[in-house]
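This report goes through a structure part by part, for a reader who has not seen it before. Please look at the sequence and the model first.

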Amino acid sequence: PWRRPDGKDNHPCGSSGFFVGARGGIVIRYNDVIGSDKHRFNDCIEGFLNSQLIESRVRKNSDIYGNMFYCGQDDTMELDGPMMNTRVYENRMEQTLCGISTARTTVGPAYLFNNLITNLGTEQNTDRVGMAIKMGGTGPDGYAGKVFMFNNTLDNDGMRGPYNSNGVWPTEMKIWFLYSL
């Protein structure tokens, strides 16, 4: 695995499959972002300017679809920030700590649908799993943006479902879950 020069914990170290930071119109489609147990990505899609939640990351009018992501040490997709009219669909995510991070969506709406998040784990311990979909944040403005989720498959032993870092569950965060049978 990627290591820091001092040999300590390997997060956040290593490369990213995509490093994203633009005003909008990003399309990431039909890619295989595949790491290995020896060389994991930090994030398969990493957002630019973590501390700038309005100007950073996937800002608006963007699509991420039809991709396969495998072996990331933290998030499969770190999409935190504006996510205005952003669609994430028909992606497969495996062997990362968390599936999709939307912590925190500042504008929205974002749409997550028909994704498969399965077999989560990290190189230190494949039994260490995080959230399938990570939401929330610690800012004083709360949860301004909406995230809509439709027909996603979350499959892993011990994996936590949609949850956020403040301990607030989705029903308190303007998030709707719709399932079709």
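## Strand pairing

Two strands count as a pair if DSSP finds at least two bridges between them. In this predicted model, strand β9, residues 92-94, pairs with β12 in the parallel sense over 3 bridges. One of the residues involved is Arg 92, whose bridge partner in β12 is Leu 116.

Both strands belong to an open sheet of 5 strands, with parallel pairing and the order β3-β6-β9-β12-β15. At the edges are β3 (32-34) and β15 (153-155), each of which pairs on one side only. On average, neighbouring strands of this sheet are turned by 5° against each other, direction ignored.

## Asn 67

Asn 67 sits in the loop between β5 (60-65) and β6 (68-70). Its relative accessible area is 3%, and buried means under 20%, so Asn 67 is buried.

Leaving aside residues up to four places away in sequence, Asn 67 touches Ile 28, Arg 29, Tyr 30, Asn 31, Glu 90, Asn 91 and Arg 92. A polar atom of the Asn 67 side chain lies 3.2 Å from the backbone nitrogen of Tyr 30.

## The largest nonpolar core

The largest nonpolar core has 25 residues, and those touching the most other members are Ile 45, Ile 64, Met 77, Leu 79 and Ile 100. Two or more residues of this core come from each of β11 (110-113), β13 and β14 (147-150).

Ile 45 has contacts with Phe 18, Val 20, Ile 28, Ile 64, Phe 69, Thr 76, Met 77, Glu 78 and Leu 79, again not counting residues up to four places away in sequence.

## Cysteines

A disulfide is a covalent bond between the sulfur atoms of two cysteines. How many disulfides does the structure hold? The number is 0. For Cys 44, the nearest cysteine sulfur is that of Cys 71, 8.1 Å away; a disulfide needs the sulfur atoms within 2.5 Å, so Cys 44 is in no disulfide.

Cys 44 is buried, because its relative accessibility is 0%. Cys 98 also counts as buried, at 4% relative accessibility.

## Leu 120

Leu 120 is found in the loop between β12 (116-118) and β13 (133-135). With a relative accessible area of 1%, Leu 120 is buried.

Leu 120 and Gly 99 are 21 residues apart in sequence, while their C-alpha atoms are 7.8 Å apart in space.

How values were computed:
Residues are numbered from 1 along each chain as its sequence is written. This is a predicted model: local features need pLDDT of at least 70, side-chain atom pairs count only at pLDDT 80 or more; totals for chains, interfaces and linings use all residues. Side-chain values use heavy atoms; hydrogens and water are left out. Helices (H or I, at least four residues) and strands (E, at least two) are DSSP runs, numbered from the N terminus. Buried means under 20% relative accessible area, exposed over 50%, partly exposed in between (1.4 Å probe, protein chains only). A polar contact is a pair of N or O atoms within 3.5 Å; within protein, one must be able to donate a hydrogen and the other to accept it, and residues adjacent in sequence count only if both atoms are side-chain atoms. Contact means heavy atoms within 4.5 Å. A nonpolar core is a set of buried Ala, Val, Leu, Ile, Met, Phe, Trp, Tyr and Cys residues joined through side-chain atoms within 4.5 Å. Axes are lines fitted to C-alpha atoms, for helices over the stretch in contact, and angles run from 0 to 180 degrees between N-to-C directions.
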